[in-house]
Amino acid sequence: MTLIPPSVGRRRPSEQEVIAVELISGLLMLIGLFAFAYLFYAIATNDTIREATQGPEIPGVGLNVVYKAPEGEEPHFELRPIEGGQAGASGIKEGDWLVSIDGEDVSGMSLAEVQARLEEKDVSREEDDFEITIGFLRPKPDGTFSQQERVVPKNVAPTLTIAYLKSFGFVVPLVVIGLGALLIRLGNRLRRYDIVAARWAIVVFLWLMIGAVVGAIWAFWVNGKGGLVGNAPFNYGKAISRAVPYLLAIIPLALSYRWLNQVIDEIFDGEESLMSRQTRFAWTLLVPTLSVLILVAARPLEQTFIKSLTDDEFSANRPARLIWFDNYTRLLSFKLATVECKKDDNGECARSPNGSIVWQTSSVEEEERNKLREMSSAERKRYARYSEASTLALPFSDKGLRILGKDPIFLNAIGNTLKFTVASVILELLLGLIIAMAVNSRFKGRGLMRAAMLVPWAIPTVVSAVLWSVILRGDQTGIFNKLLMDLGIISKPQQWFSANGPWMASIIAVDVWKTAPFMALLLLAGLQVIPGDLYEAAAVDGASKVRQFFSITLPMLRPTIAVALIFRTLDALRVFDVFQVLLDTTRPSMATYNYNRLVLTRSDGYASAVGVMIFILIFIFTVLYVRFVRIERE
Amino acid sequence: MNAKPGIASQQTLLVPRRITDLVGRALFWLLILAIAFYTMAPFAYAISISFRTNAQVLVSARYLPEDPQLINYQNLFEDSDFMRTMLNSSFVSSVTVVFSLVVGSFAAYALGRVQFKGRMIVLYTVLAMTMFPQISILSGLFAIVNDLNIFGSTAALIFTYPIFTLPFTVWVLTSFFQGLPAEIEQAALVDGATPFQTFWRILVPLTAPALVTTGLLAFIAAWNEYLFALTFTLVSKSAQTVPVAIANFGGYGYEIPVADRIAATVIVTVPVLVLVLIFQRRIIEGLTAGAVKG
């Protein structure tokens with residue numbers, strides 16, 4: 001190895017210093033290499049990936065079959081579950097006689113045939129249901145048999161693609177590889193006594209030290225607490241032993257950091273532009289925010305996209321399969337059909353007791369019914385048919401437009417969310433504007449009033465939803481009904497949240513009450529920076545107040561309104577708490593539908609696709625708004 | 001803050017016409033009263049309910065309690081579980097706020113005051129984080145929380161809350177830093193201060209009001225958060241926060257203890273209200289500087 005001496009150093013480094021620089025650059029490269037090595041180690045030793053490449057430890061149902069033909073007894077297949085396998089866990093015992101596999105009688109089959117059946121190698125992965133129904137006879141002590149049947153799930157390895165994507169994804173490996181490469185390059189540049197490299201090295205050591213301290217604290221705490229917090233005494237031995245490596249790693253980092261800081265102006269050389277200096281400073285400050293966002297947000301977001309392409313299910317005994325856009329087509333496929341209304345005796349459209357029109361079935365529904373009739377029961381089970389999402393009455397005719405979807409609830413959820421968003425944001429803007437203008441004028445008790453208007457906003461959303469569910473009770477015990485009845489506005493209690501009632505209006509009202517104050521707050525801030533002399537001048541010119549509002553207040557307030565609208569629209573599109581608390585699961589918003597899919601049916605992949613749909617919708621709105629705001633400013 | 005009222009100040013300039021003036025005044029006060037009623041009445045009703053018993057609430061609606069009782073509050077203060085959720089909420093929210101402010105102000109300074117390559121990319125990446133619905137990252141976060149062995153602890157909440165508080169903090173603080181005059185740093189640099197000293201000794205104290213505002217908004221967001229808290233503390237009651245506790249109060253079914261729940265609502269809202277009352281001025285000042293430039 002040849003040591004490159006500095007070209008025109010401020011001073012020639014002594015022999016020890018040359019060695020020290022070599023050591024430090026070596027340390028940097030080593031850390032970079034370590035990042036690579038750790039990534040590959042993690043991939044190589046990952047359980048899911050190992051299972052994908054080598055198959056599960058106990059493949060299939062975990063069942064050995066032996067052909068037995070003892071004298072005096074019938075020849076039969078004897079079952080021998082492998083210890084720890086699925087068959088044993090499902091209750092099959094050694095010595096049971098195999099009778100049938102998936103309903104098919106095994107008598108007459110050869111041993112090889114039976115084994116092939118159990119492995120189900122001929123079943124393609126796409127249509128596999130990942131379980132086998134095994135019928136068997138269990139010998140009783142008295143020589144008789146009891147006939148039994150068990151459904152045994154199969155251990156199947158995920159495909160390598162899925163295993164890798166679900167365990168690692170793209171973002172984290174790319175970040176690790178990128179940072180590793182940067183560190184190796186930095187080490188190399190440091191050996192050339194480049195002052196810029198030296199400064200970067202100092203920054204790197206600083207953050208590595210801070211990272212090591214955080215890591216030590218984390219390792220100490222996570223390893224010390226046993227299980228869930230408070231369930232076990234703190235294990236100091238384990239905690240300390242796990243934290244020590246991090247603390248030891250600090251020593252070389254700290255030494256390098258200190259030494260580099262001492263000699264940087266003496267032995268390193270070169271010029272650095274202001275721009276590059278600022279860039280380094282900025283990135284130094286950005287490190288914590290970016291690492292938090294990568295750690296906490298990047299992985300889950302990426303996972304949502306990946307999962308939305310699979311049929312992943314929580315706690316399902318099978319690996320997820322890549323099904324590409326099937327989730328999306330199922331979510332979004334819809335058909336339109338016109339429907340006639342049912343006529344009553346007078347030749348007019350019949351109405352149900354709650355006032356809604358009674359419709360006949362549409363042509364699409366007939367088609368679907370016929371299709372189902374021709375299917376086998378297994379096909380029928382898998383088939384998602386089109387069913388009614390909603391029907392709109394067409395004006396001036398007896399016809400209605402029916403929207404049918406493979407997932408009608410989701411289609412309705414999109415409709416609900418959009419309706420909710422448009423109505424609540426507009427109402428909030430109007431109300432917020434009124435409140436802001438009122439509170440902006442000078443009057444006694446203005447401070448108190450400003451605090452009062454923030455009350456709804458300060459109450460947790462889920463809590464205020466609970467409060468409103470009490471206020472808007474559908475019978476005599478609801479105070480709002482009582483108030484309206486005392487005032488003589490209604491004569492009998494109104495069901496505010498029932499499916500036939502004005503539930504959408506109620507939900508919007510609750511949300512507007514909760515968020516109009518925030519809107520008012522933002523708008524008030526905007527009103528305060530409008531110079532007062534503008535109004536004075538306008539008043540001198542004889543402009544009326546209405547005129548002043550439209551030609552001064554509104555234009556000056558436009559940027560603030562735009563920002564407030566963005567904030568509120570994005571929030572409204574993600575609405576969750578009010579729908580969750582106040583309505584049942586048949587009338588969801590997009591976010592609550594996502595939640596129901598995740599929690600009630602545990603279909604993680606499908607729910608993720610819903611999440612991505614929400615994101616796309618929000619993205620579209622954001623782009624539109626940003627465009628709108630830009631145009632307004634230029 | 002030099003508040004310049006728009007509508008009120010020019011009333012003195014108008015030709016005094018007594019009757020229209022009087023009607024205008026009356027209408028104005030009516031509007032104020034209506035707003036006060038609209039924003040305050042539901043909470044006032046909550047207070048009224050909290051002095052009634054469960055049985056009374058289930059039977060009839062009343063504007064004022066028939067015979068005010070403190071039983072609900074007594075129950076709550078004797079309920080050690082509920083008191084612990086208050087502690088949990090305070091702990092989680094405070095740590096989240098302090099963390100977001102420290103980390104976020106670093107990033108905001110870089111984004112707001114330093115010209116460097118990649119600035120816009122970082123700014124927009126941070127902004128994009130706020131576009132995701134919480135629910136859609138829930139299962140991914142769940143996996144990470146599980147891997148880190150912090151499921152069911154308050155640490156899981158402290159770990160995940162920066163997802164929504166941090167981008168917000170960075171965003172608002174960046175616009176504050178942008179609003180400060182450029183001479184500040186130049187003067188400091190002439191005096192031989194390092195960039196970090198300039199940031200820590202000069203700029204941070206200058207933005208103290210902004211920090212208070214942002215901190216308060218982040219605190220309320222964390223205090224009110226429901227979904228993450230519900231999911232990550234499902235199995236361990238000892239780590240639950242206030243919104244979860246209230247939503248699950250007394251379990252499910254027909255006999256929901258309404259009065260207890262509402263009393264709990266009143267109790268948990270009071271601390272936030274006190275904070276809002278104290279900082280009411282600051283919030284509006286802070287937003288004045290922040291929102292407009294956004």
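**Figure 1. A:Tyr193 sits in the loop between helix 6 (171-190) and helix 7 (195-224) of chain A.** The model shown here and in every view is predicted. A:Tyr193 has a positive phi of about 55°, although it is not a glycine. Most residues other than glycine have a negative phi. Is A:Tyr193 buried or exposed? It counts as buried, because 22 C-beta neighbours lie inside 10 Å.

**Figure 2. A:Arg602 lies in the loop between helix 22 (590-599) and helix 23 (604-633) of chain A.** A:Arg602 is not a glycine, yet its phi is positive, at about 60°. A:Arg602 is partly exposed, because 15 other C-beta atoms are within 10 Å.

**Figure 3. Strand 5 and strand 6 of chain A form a hairpin.** Strand 5 covers residues 131-139 and strand 6 covers residues 145-153. The two strands run antiparallel, joined by 9 bridges. A:Arg138 stands opposite A:Ser146 of strand 6. Between the strands are 5 residues. A:Gly143, in the turn, has a positive phi of about 95°.

**Figure 4. Helix 11 of chain A is hardly covered.** This helix spans residues 363-374. How many of its 12 residues are buried? The count is 0. From first C-alpha to last, helix 11 of chain A reaches 17 Å. That is close to the 16 Å expected at 1.5 Å a residue.

**Figure 5. Helix 1 of chain B bends at B:Met40.** The bend is about 45°. A proline, B:Pro42, follows within four residues. Helix 1 of chain B has 33 residues, 18-50. At 1.5 Å a residue it should span 48 Å, and its end C-alpha atoms are 46 Å apart, so the two values agree. Buried residues in this helix include B:Ile35, B:Thr39, B:Pro42 and B:Phe43. B:Tyr45, B:Ala46, B:Ile49 and B:Ser50 are also buried.

**Figure 6. Chain B meets chain A.** In this contact, 89 residues of chain B touch 90 residues of chain A. Which helix of chain B gives the most to the side that touches chain A? Helix 14 (residues 258-291) does, with 16 residues. The residues on this side of chain B divide into 64 nonpolar, 22 polar and 3 charged.

Notes. Residues are numbered from 1 along each chain as its sequence is written. Chains are lettered from A and ligands numbered from 1 in the order in which they are written. This is a predicted model: local features need pLDDT of at least 70, side-chain atom pairs count only at pLDDT 80 or more; totals for chains, interfaces and linings use all residues. Two strands pair if DSSP finds at least two bridges between them. The expected span of a helix is 1.5 Å times one less than its number of residues. The bend at a residue is the angle between axes fitted to the seven residues ending there and the seven starting there. A residue is buried if 20 or more other C-beta atoms lie within 10 Å of its own, exposed if 12 or fewer, and partly exposed in between; C-beta atoms are placed from the backbone. Two residues are in contact if their C-beta atoms, placed from the backbone, lie within 7 Å. Ala, Val, Leu, Ile, Met, Phe, Trp, Tyr, Cys and Pro count as nonpolar, Asp, Glu, Lys and Arg as charged, and the others, Gly among them, as polar.
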